[in-house]
Amino acid sequence: MGKFIKRLIAAALTLIMTLLLPAVSVNAEPQQGTGNTASAGETELSDFEKQRKASYDTVPETNSIDGWPEGPKVYGNSAIVMDMDSGAILYGKKIDEQHYPASITKLLTVLLALENSGLDDEVVMSQESIDILRSDYASIGMRPGEIISMKDALYATLFASANEVAYAVGENVGKQMGGDYSTFIQAMNDRSAELGCTGSHWTNANGIHDEAHYTTAHDMALITSELYRHEEFREIEESLSYTIGPTNMVNEQRVFQQHHKMLWPDNQNYYEYCTGGKTGYTDASRTTLVTTADNGTLGLVAVVLQDDGDVYADTRAMFDYAFANFSKVMLDGEEKPEGIRSYVENDAYVLLPQGVTYDSLEEEITVQDEKEASGRVTFYYQGQNVGSADVTLTPEYIEETTGYSTKLRITGGEDGSSRPAAEGEDEKISVPVPQAAAAGALILVAAGLIVYGIAGRCAAARRKHRRIKDRRKYKHKG
């Protein structure tokens, strides 16, 4: 009986092992296609790493343009490289996707300050400017009632990214505009729209997170290009540190440094062509970065939004790609599109990669002032902006597109009536004899006004030309 029980138990154990072993063997194999099983020493990717990798793997839209050089992959969700003179877009990845800008907002704040105030103007710190601060916000410890110059304020805004100072700049410039802080915020929105920004909305002057405060890579490139035209901004960006001396309330100096690592020669991220920029970060925006660079031939701006990788490596890769693959084609050496009489600037150009020729481009002309026959032409290669230029348009084009004519086309009858001249009819003025004397006097007056008007327009044109030259003094000849 004892032997029988032992054999029965052994048989039962054998049966159990036979049934269990195949199941163990199957479950030990990695399941194909699930991505949930990791080999020894590996861990499952976090949601953050998955999003980071997905962003890196997203191919820039410019890579899909036939005949366009292939650009680098970057971790930024949106990225752009744009020529600051012509507006040509050399590299683009989701350039019109909206993101939170964080402190690169301050570039628009500085632009408005330079356009609407002087560097010697006083900036008074209000209680409101201090109250917006939290313990983790960048600041330089200003106090309510403390006064610094606008120059000091702009350095603090760009270098130290001081949030209370940026707010105070908005307050004080808003007052100079005849309003207050809200006036300045409205001006931020108006000015960005004037520059061609289509995806931005601004609610504050410093970039503190707000669901309704956002921008795009393309918009930030447009804003930065306009800001870079100001010599005062370029001078600020040439420095690496700045000191604010004693004020009416503080006897000590405040010393702070430039945060953009590509400007520091001893930093591993140093880039020899870098000329300036602005950093930004919030938990919602992630890392944002705007950088300008000039290699002596091209002046470029790079913008990266929502970057969770190495934002400086991304920026370097985009700049290297742009500098290596694009060159200027001067417009004065090419046939003008129909409707263009001349280019306002002799050094106008488009930027093209090797293998793409001028005759493969299409153009779009915008009339800016029909009376002055001024306009702007933008050239495209397969829908990609390769450069814009200010132009003088022909009278025929102005009349065809706007209906405005510089020609005098009136005939008169015995009853003094007038009408446009018919096709083929002499373009003349016919005045009844009894009114000849009065008409003669009117003609003399009109002639005088015309001469005066022409002189005034010539003077205005000369002033406009000087302003354009002043704005573009930093350009390098190709």
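Predicted model: local features only at pLDDT ≥ 70, side-chain atom pairs only at ≥ 80, totals over all residues.
Student: Which residues in α6 meet α3?
Tutor: From α3, the contact uses K106, T109, L112, A113 and N116. From α6, the residues are N163, A166, V169, V173 and Q176.

Student: Is the crossing of α3 and α6 left-handed or right-handed?
Tutor: The hand of the crossing is left-handed.

Student: How many residues of strand β1 are buried?
Tutor: On one side of β1, S78, I80 and M82 are covered, and on the other A79, V81 and D83 are covered. The strand spans residues 78–83 and is therefore largely enclosed by the rest of the structure. The buried count for β1 is six of six.

Student: Which residue in β9 is the bridge partner of D83?
Tutor: Strand β1 runs antiparallel to β9 (residues 299–307), and six bridges join the two. The residue of β9 bridged to D83 is L300.

Student: Which residue in β2 stands opposite I80?
Tutor: β1 is also joined to β2 (residues 89–93), by four bridges in an antiparallel arrangement. These two strands form a hairpin with five residues between them, and G87 has a positive phi near 80° there. Opposite I80 stands G92.

Student: Which residues of helix α5 are buried?
Tutor: Helix α5 runs over residues 150–158, and eight of the nine are buried, so the helix is largely enclosed by the rest of the structure. The buried residues are M150, D152, A153, L154, Y155, A156, T157 and L158.

Student: In β8, which residue is the bridge partner of C274?
Tutor: Strand β7 (residues 274–282) is mostly covered, with seven of nine residues buried. Its pairing with β8 (residues 286–294) is antiparallel and has eight bridges, and three residues lie between the two strands of this hairpin. The partner of C274 is A293.

Student: Does R286 count as buried, exposed or partly exposed?
Tutor: R286 lies in strand β8 and has a positive phi, near 60°, although the residue is not glycine. Buried requires under 20% relative accessible area and exposed over 50%. R286 has a relative accessibility of 23% and therefore counts as partly exposed.

Student: Where is A373 found?
Tutor: A373 is another residue other than glycine with a positive phi, near 60°. The relative accessible area of A373 is 15%, so the residue is buried. Its location is the loop between β13 and β14.

Student: Which strands stand at the edges of the open sheet of four strands?
Tutor: The order of this sheet is β11-β15-β14-β13, with antiparallel pairing. Each edge strand has a single partner, so one side of each is left without a neighbour in the sheet. The edge strands are β11 (340–343) and β13 (362–369).

Student: Which residue in β15 does Y380 stand opposite?
Tutor: Strands β14 (residues 374–381) and β15 (residues 384–393) run antiparallel and are joined by eight bridges. Opposite Y380 is N385.

Student: At about what angle to β13 does helix α11 run?
Tutor: Helix α11 (residues 395–402) lies across β11, β13 and β15. Relative to β13, its angle is about 85°.

Definitions and conventions: Residues numbered from 1 in each chain as written. Heavy atoms only, no water. Buried < 20%, exposed > 50% of the residue type's maximum accessible area, 1.4 Å probe, protein only. Pairing = 2+ DSSP bridges. Left-handed = near helix turned anticlockwise from the far one by under 90°. Contact = heavy atoms within 4.5 Å. Axes fitted to C-alpha atoms, helices over the stretch in contact; angles between N-to-C directions.
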